[in-house]
Structure formats: structure tokens, C-alpha cells
Amino acid sequence: MELEAAAVLTAAPDGLLVVDRGGLFRYANPAAATMLGLSAPDVVGRSCRSWEVAAVDGSELAVDALPVLEVLRTGESAGEVEHALRRPDGAWAVVAHRAAPLRDANGAVEGAVVSLVDVTERTRAAEQLQRAESSFRMFLEQAREGITLQRDRHIFYANPAILEMLGYAPHEIVGRPLLDFIHPDDRPIVRERMRATIEEGRFVPPQAQRLVRRNGEPVEVETTALPIAVERVPTVVAISVDVTERNRTRRELERSRSTLTAALEATADGILVVDRKRRITAFNDRFVEMWRIPRALVEGRDEGRVTKYVLDQLKAPDVVVASTREVYASPERESERLLELADGRIYERCSRPQQIAGEAVGRVWSFRDVTARRRAEAERERLLAEVSRERELLKTVFDHVPVGITLHRGPDLVYELINPALMAMFGDEPRLGRPFAAVAPGTAPERRSILERVLATGVPYRAVDEPLRVRRTLEGPFEDAYFTIAYVRVPSPKGAAVVALYVDSTDRVRARLRIEELAAVSRRQTAELESIHANMLDGLLVCDADSRITHVNEAHTRMTGFPNLSVVGRTVGEYARTTGLRELDGGPLHERGLPLLRALSGEIVKDALFRYSRAGRTVCVRANATPIRNETGAIVGAVAVSRDVSDLVEFDRMKDQFIRVAAHELKTPVAIMKGYADLLLRGREQLPAASRDALEAIARGAVRIDDIVKELLDLSLLHLGQMELRRERVDLSALVAIVTARMALTTHRHRIRVVESEPVVVQADRVRIEQVLGKLLDNAVRYSPRGGDVEVRLVVRDGVAVVSVRDHGIGIPTEKQTRLFQRFYRPHTDTPYDYGGMGVGLYISREIVARHGGAMWFESTEGEGSTFCFRLPIQPG
Amino acid sequence: MKTHADVSSVLVIEDEPDLRALMALVLEDRGYTVLTASDGREGLEVLGQSKPDVILLDMKMPVMDGWEFASRYRAAFEHPAPIVVLTAAEDPRTRAEEVGAVAGLGKPVELELLFAALEDAVQRP
């Protein structure tokens with residue numbers, strides 16, 4: 001609609017100008033520009049004061065008197081003023097000048113609209129008329145309008161204007177009927193006009209009609225006819241104004257309007273124009289089509305009904321109603337919004353004021369189907385979001401992936417891109433923008449040629465666990481590292497580049513190398529061990545945590561005669577049964593006693609002895625076993641080392657046999673020796689002193705030999721497991737009393753006595769218990785060289801009888817106490833207190849007590865004395 | 001001091017001559033009537049002619065040892081005399097039980113123990 005207004009302005013014959021408050025031209029249409037003697041763009045920006053003006057009669061005219069300046073000054077419309085103005089080319093023009101204020105939304109004057117009508121010609125004619133004021137002819141001659149005088153329907157005068165208009169000479173017109181010059185189609189009108197003027201004497205206001213030029217062309221004129229009386233003869237004056245140009249302008253206007261209408265129809269937008277009174281002034285087919293609205297409804301011009309029809313199709317009509325109301329409430333307002341239709345289509349609604357000459361005269365609604373566009377936009381948005389997400393994802397990966405990534409470009413392989421992982425791998429040396437060779441001189445020549453080859457040929461390079469010397473920090477030392485590498489040529493807008501990817505496999509490679517190293521060591525050790533196992537004299541038997549035998553060596557096989565294959569995989573228990581393994585004394589062997597099984601439960605087994613029969617021969621083995629633990633300490637198996645000790649056992653047996661025989665053989669001579677000595681000593685009072693001392697020495701020697709023989713026999717009995725107890729009811733308190741008393745008789749320097757006793761009966765071997773107590777008392781006396789008290793106690797507590805012997809002798813050094821019960825251990829050897837003996841007495845005593853189910857122990861302080869104790873269980877009943 | 005031995009007789013069966021002589025000396029000194037034999041067979045021969053109150057028996061002897069002697073003696077005589085074993089074995093009491101002796105003494109023996117054992121045996125019903 002603005003387009004229309006613009007076109008109208010452009011085509012208008014009157015000059016139209018807009019000035020701002022400062023009097024500067026803001027707009028000029030072509031007609032105005034022509035009047036002002038410039039092109040339209042040249043006018044804009046000039047001040048309205050830049051033209052020299054003058055009154056129509058040539059007198060001076062103050063510029064401020066011009067209507068435009070009056071309007072700007074007063075804010076009120078100004079009346080028309082005709083004045084002359086001088087164009088830049090020096091020619092004067094006369095214009096009819098009118099002006100009206102232009103107001104902003106608040107009513108303040110922001111400028112003025114100026115209308116100029118070129119009245120130069122008219123003014124000139126008027127001057128001529130004035131000059132020929134006395135002469136009517138002069139007026140007629142000079143008139144710009146075509147004037148004819150007619151009498152009796154014939155022309156008797158034609159002025160130059162009409163002659164020129166029609167292209168005739170005066171004599172060709174004068175005397176001829178008027179109608180000859182009237183376009184045939186218009187002759188009825190003219191006849192009617194002539195009748196009115198002639199017969200009724202009426203003035204006929206301007207009428208459009210066509211005259212015919214001499215060359216036959218029609219001339220459009222507006223003719224005013226008035227009756228006059230000239231010299232009393234009825235005469236008609238017809239004044240014709242050539243309106244060809246005006247009509248042409250109008251036709252152009254109409255054509256422009258129809259072009260606009262066509263444009264309106266041609267547009268893809270649906271358009272509805274509503275005037276300020278809410279009447280529909282225009283719409284196009286597209287609007288009808290878009291809203292599927294009955295044409296009659298639109299043609300009814302009732303905006304309310306059309307609007308309702310439109311609203312019914314919307315998804316959310318209420319919102320749109322409110323918005324529409326707001327838009328209508330402010331005529332100048334522009335609005336754009338999206339309408340969602342119930343069927344899913346989306347229309348863009350645009351509303352602008354329809355302005356003519358700066359004034360809102362109505363409102364143009366345009367509707368555009370943007371469904372496809374919106375969908376495309378939504379799709380594009382989605383794709384953009386996706387791309388952005390992917391880009392974000394890519395960046396995240398690039399920043400955080402434990403793969404060193406870098407991009408090399410150009411012949412110098414300049415670093416163009418580096419991710420954090422790469423910096424962590426190769427140090428934080430500045431790389432970006434620098435050539436490859438400048439950054440990594442160490443590996444440069446070799447690496448560089450590889451990268452160049454990839455760049456040149458496009459054949460990717462890949463390497464697994466490739467060794468590189470790298471520096472992890474800028475100042476750090478070079479170290480050997482390993483990388484899995486890929487170089488790949490990639491296209492890019494700036495030319496080909498090589499992407500280099502590095503995965504640090506140093507730890508993995510080192511771990512692998514370490515494992516290989518360990519494996520080699522392990523293989524070597526295994527071989528060594530196997531060789532040792534194979535060649536060792538001891539039999540080796542290994543089982544797992546489930547007690548299945550996993551390994552047997554040659555020696556073991558030789559020892560048992562069972563082939564390896566029949567042993568490995570069996571349980572230890574099965575194997576023991578198969579071999580017929582028994583206790584050393586031939587008794588049945590309980591599975592729990594097997595060394596491997598004891599070791600599996602955590603025990604370290606030392607010198608366990610067993611026997612079994614092989615090919616009719618008894619084989620004795622001595623076994624040691626120990627658990628196998630893993631690095632966490634858990635038992636995962638056990639190993640037993642055994643040796644055929646048949647020869648040793650036999651030798652031992654022979655030794656014991658020998659001792660027994662020898663002891664027996666010694667006994668008789670000792671008995672004879674001692675017997676005779678005793679016999680002779682029975683009459684000691686009659687003997688000479690020398691003989692008596694000698695006989696006593698013989699008797700003592702015999703006793704000592706007898707003691708040694710007895711101890712040797714006890715040792716061999718214990719060793720062979722043949723010491724048998726003869727248990728009987730023993731009144732322990734009585735026994736303690738008797739043995740103590742007997743010992744008291746043998747010494748004068750010691751006071752040996754029972755200081756505490758309770759009546760208690762035990763099941764025990766009387767002789768052996770006497771032997772034990774005798775030994776303790778003997779030791780107490782023997783190691784109290786300065787004499788003193790020896791206190792014997794018998795107490796009963798917690799179901800056991802405890803006998804203790806306390807002396808106040810030399811005591812036992814702390815460091816020697818732990819070995820005191822060992823066989824043949826003599827703590828006082830090589831000291832002043834070495835009183836002889838084989839060092840087996842305490843051992844034998846402890847074994848005797850142990851065989852009674854009791855125990856023996858002692859406390860001793862060097863220089864203060866010792867207390868030896870043993871306890872015996874009290875049998876119930 | 002007079003004891004039961006004054007009216008008792010003892011047969012000493014001992015292969016070792018020195019010991020046999022010692023026993024004879026000691027026991028005669030104690031008041032016993034002493035008979036001697038150098039082995040089991042000789043002992044049985046002695047018993048065929050006299051009837052001692054107690055027998056002091058060694059176990060390990062040539063020709064006939066203590067076990068055989070005891071067995072044969074008990075088989076041949078209706079009222080055998082009590083036996084006291086005197087042995088070099090490490091467990092005289094076991095030996096004594098094996099042969100049904102009333103006591104077992106080890107060599108060398110304390111004379112007091114020997115006398116006590118013999119007198120104890122003689123007084124048995």
C-alpha cells in the first residue's frame with residue numbers, strides 16, 4: 001500500500017515535498033523537483049531557504065512569509081501563497097504554495113508537507129489579460145484555454161489556443177458548425193449542452209468530451225459553456241481545457257493501480273487490507289485460498305466475520321484475539337507473529353499500518369505459509385545442534401582422549417594442532433606454529449622422513465610399540481619410551497596435512513619386557529630346580545592345597561619303586577595307603593600324621609620317621625615337610641623331602657642292641673665287683689684304714705658304672721620306644737617322703753627335707769618316679785657345692801600333682817637354660833662345677849614324666865639356685 | 001643277729017662262677033644254707049636231691065636258661081619253692097613275672113635288697 005502511495009506521489013502532477021523542522025527537504029517527488037529545477041535526490045537535504053523568491057508582481061517577498069516556514073513557525077496550516085522562485089538555471093517559475101504541518105505521535109510538529117502547483121503559465125496569461133484589460137480579444141487571443149464563440153451552432157471565433165489545440169488555421173474553423181469538430185461519439189452530449197445554453201440560457205459546468213484534430217486525432221478536453229449576449233445576439237462561449245495530459249496521468253495512475261493489484265495477486269502472501277473503520281478494502285485470492293474462506297464472506301467486507309472465520313482455524317485463538325485487539329488499538333503499530341493452525345500448518349502474520357501521505361488510513365494484514373520453512377528451520381536447528389554437539393563431543397574427545405594428537409602441515413611439517421595428551425607425552429615444549437625439525441631435533445631426521453613420506457604418498461604409517469627417546473617435561477631428562485603410532489594424511493581446506501596419533505605404550509612394553517625377563521629367570525630357575533630335584537639324593541614330593549601330589553622326583557621314585565606317573569595326581573592319603581606306609585614301630589599310620597598333610601595345616605614337620613615294605617624289605621624313611629605359601633602368605637601346597645634312612649635306622653638299632661648287650665655284659669662284673677666290696681666292707685671296723693678306703697672307692701666306682709649302664713639302657717629303650725611303664729597305685733606323698741629321706745642320708749652338708757606335702761595317689765610306675773625324683777635331688781645336691789637347704793614340695797592343684805625340688809646352689813646361666821633337657825647336654829662342662837655324668841639324666845627324667853602324661857620344667861637364677869618341677873595327672877577314682 | 005635265714009636254705013643258680021661264689025659267701029654269711037648250680041639243668045639236678053626254701057635265679061645262662069628252668073621246675077615239682085630273679089636285664093620285675101617269681105632284682109644288687117627279697121619269699125605261706 002505504501003508502494004501505491006509512493007507511486008501516486010511519484011506520478012502526481014503537483015509538486016509534493018516534505019521538510020523537517022529545520023526546513024531541510026526530506027522528500028521531493030519528481031514534479032516538485034522539476035519546479036525547483038533539480039533532480040529529486042538533489043533536492044533532499046537542501047534547505048527550503050536556498051531558493052530566491054519574489055512576489056508574483058516582482059516585488060520583494062520575505063522568505064519567512066512562505067507558507068512552509070509559517071507552518072514550521074506556527075504549527076498551523078497556512079493559506080495558499082503564489083510566489084515566484086528562481087531556479088538554479090536562473091529561470092523564474094511561479095508556484096501556488098501550500099503547506100500543512102506534519103506531526104509526530106505526540107502531536108508535536110516535526111515538519112511540514114508542502115504542495116507546489118506550477119502556475120507560471122497561468123500567471124503569464126493573467127498578466128497578458130491584465131495587460132489587455134481593455135481588449136476582450138486580447139484576452140481571447142492570449143487565453144491558454146481554447147475558446148470559441150458560437151452563434152447558431154456555428155463557430156464565428158476561435159482563439160489561437162484552440163487553433164493550436166486542433167491544428168487548424170482560423171479560416172478553416174470560422175463559419176463551420178461546431179459539431180464538425182466534435183468526436184462523433186460525443187456529439188449527443190454537445191448537442192444537449194448547446195440546447196441547454198442556447199434554449200435555456202444555462203451555464204454548463206465543465207464537461208469531458210473529445211474534439212477531433214485536423215489530423216483526425218482526438219483531443220480530450222473539458223469544456224465549460226456559458227451563454228452570453230454579444231451585441232444582443234445570443235452567443236455561446238465555450239472554453240475547452242486540454243485534459244489529454246491529465247487523463248493520461250489518470251490512466252497511468254489506474255494502470256499503476258491495476259499493476260499493484262496484479263502484484264497483490266501475484267504475491268505468495270495472503271493479503272487483507274482493512275481501513276480504519278474496520279472495513280475490508282482489499283484482499284487477494286491467496287488470502288481466500290489460504291484461509292479456505294468463502295469468497296462471498298470476504299466480499300461482504302465485514303472484517304469481524306472474516307476474522308472469526310480465521311480464528312476458528314487456529315490452535316490457540318484466544319492469544320491471537322488479544323494480540324489482534326492490541327494491534328488495532330494502535331494504528332501505527334507494526335506486528336509480526338506466528339499463527340499455529342489446528343491442522344499443523346504455521347502462518348506468519350504481518351500487520352502494518354496502511355499509510356498514505358504519512359497517515360495511517362488502515363491496516364494491511366499479510367499472511368505467509370511458513371510451514372515448510374519452519375519445518376526446514378526446525379530441521380536446520382536440529383542439524384545445527386547436532387553438529388554443535390558433535391563438535392563439542394569431538395573437542396571433548398580431543399582434549400581428554402589418552403591419545404596424543406597433532407597435525408603437521410606443509411613441507412616443514414609445522415605443528416598446527418596439539419592436544420593435552422600429546423603435551424603430557426612429549427613435554428610442554430612450545431610446538432604450535434613451529435616446524436617439526438625445530439621442536440624434536442633428537443628424533444627429527446628419521447621421524448621427519450616418515451612424516452614426509454606419508455604427506456607425499458598418502459600411505460598411512462603405523463607402528464606398534466616403537467621406541468622413541470622423549471622428554472616428558474621441558475627441562476626433564478630424555479628417557480626411552482614406547483609408542484603405538486599412526487600417521488595419516490588428511491585433506492583440509494588449507495592443503496594436505498598429516499595427523500599423527502601417539503598412544504603411550506611404555507608401561508605396557510616395560511611390563512611385557514619385565515615379564516619376559518622374569519619368565520626367562522623363572523624358566524632358568526625351573527630348569528635348575530628340576531635338575532637339582534632330579535639329581536638330589538632326597539626324595540621330593542610336592543602337593544597342592546587340595547593335597548593332590550603335583551611333583552615327584554627321581555630319588556623319591558627310586559626310594560619307593562612307584563613310577564612317577566602312578567603317583568602324580570593322587571591324594572597324599574591315597575598314596576600313603578598304596579605304599580603301605582606305617583609308623584616306624586610298625587603301628588598303623590593315621591592320615592593326619594602324614595607330613596604333607598601336617599604341612600598343609602601350617603606345621604613345619606621335622607624328622608618324622610616312617611616305614612613301609614618294599615619287595616619284602618622294610619624301608620625306613622625320615623621326612624621333613626613344610627608348607628608352600630604364596631606372596632600373601634596363604635598356603636598353596638606343601639613339599640616333603642624324605643630320605644631312605646633304613647641303613648641309619650638299622651645302624652641305630654644295632655647300636656642300641658650293642659649298648660644293651662654291652663650293658664648287660666657290664667652288669668655282671670660290676671655286680672661281682674660291688675658285691676665283693678660290699679661284702680668286705682660289712683666288717684669295715686676290723687679293716688685297716690687304707691684297705692677300707694680302697695674298698696669304698698671300689699664300691700663307689702661300681703655304683704657309678706652301674707648308673708652309667710642304667711642310663712645307657714634307658715636311653716636305648718627310649719630311643720627304640722621300648723620303655724614300658726608298669727603303672728600301679730602309688731601314694732605319691734609317701735614316695736616323696738621315702739626318696740627324700742633316703743637322699744638326706746647320703747649327705748651331711750645339705751638339709752634335704754619335705755617342706756610341704758599333701759596326700760595324693762597317682763597311677764604311675766613307682767620305680768620310674770623314684771628314679772625321676774632321685775635324679776632331681778641328686779642334681780640339687782650335686783650343684784649346691786656349699787651345701788644348704790633343699791626343699792621338696794608336693795602340692796595338688798587342678799587335678800594334677802606337682803612335685804618341686806628347690807636348691808640354693810649355683811643355678812643355671814640363662815643362655816644355657818633352653819638346652820637343658822637335650823640329650824648329652826652338660827651346662828657345666830668346662831666350669832668349676834663339672835661334676836661328671838653323661839648329661840642324659842634330665843632328658844630321661846623328662847621323657848619318663850612325659851610318658852606318664854605329665855610335664856617337667858624349671859626356674860633358675862645363676863648364683864641363686866634352681867627349682868625343678870614335674871607334674872603328674874591324678875587318675876580319677 | 002639271727003634271722004629266718006638261719007633255718008632256711010637257698011639254691012643259687014648262676015652261670016658266672018665269681019658271682020655264684022660271691023652269692024654263696026654273702027648268703028652263708030647271712031646264715032643261709034647255700035646250694036649252688038651253674039645253669040638250669042644243674043639246678044634241676046640239685047633240686048632232685050634237696051628241697052631249698054627259696055631259689056635265687058639268674059635268667060641268661062648257657063645249657064638251660066632261667067625261663068626253661070622255671071617252666072620245667074614247676075612242671076616237675078608239686079610244691080615248688082618261691083623263686084627270686086636276679087638278672088642283668090633292664091627290667092627285672094618283668095623277668096620275674098615271666099617266670100612266676102616272687103621278686104625280681106637287677107644286677108648289681110644292693111645286699112640289703114637281696115636279703116629283704118629272700119626273707120620276704122621264705123616267709124610266704
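Student: Which strand of chain A is the place of A:Asp607?

Tutor: This is a predicted model, in which local features need pLDDT of at least 70, side-chain atom pairs count only at pLDDT 80 or more, totals for chains, interfaces and linings use all residues, and side-chain values use heavy atoms, with hydrogens and water left out. Residues are numbered from 1 along each chain as its sequence is written, while chains are lettered from A and ligands numbered from 1 in the order in which they are written. Helices (H or I, at least four residues) and strands (E, at least two) are DSSP runs, numbered from the N terminus. A:Asp607 falls within residues 605–614 of chain A, which form strand 25.

Student: Is A:Asp607 buried, partly exposed or exposed?

Tutor: Although A:Asp607 is not a glycine, its phi is positive, at about 50 degrees. Buried means under 20% relative accessible area and exposed over 50%, with partly exposed in between (1.4 Å probe, protein chains only). With a relative accessible area of 46%, A:Asp607 is partly exposed.

Student: What is the relative accessible area of A:Asp798?

Tutor: A:Asp798 lies in the loop between strand 31 (788–797) and strand 32 (800–806) of chain A, and its phi is near 50 degrees, a positive value in a residue other than glycine. This residue counts as exposed, its relative accessible area being 76%.

Student: How much area do chain B and chain A bury between them?

Tutor: The size of an interface is often given as the accessible area lost when the parts come together. Buried area here is the accessible area (1.4 Å probe) that two parts lose on being put together, summed over both. Carbon and sulfur atoms carry 56% of what chain B and chain A bury between them, and the total is about 2,000 Å².

Student: With which residue does B:Asp29 form a salt bridge?

Tutor: A salt bridge is a side-chain nitrogen of Lys or Arg within 4 Å of a carboxyl oxygen of Asp or Glu, and the rule finds five across the interface of chain B and chain A. For B:Asp29 the closest N and O atoms are 3.6 Å apart, and the partner is A:Arg682.
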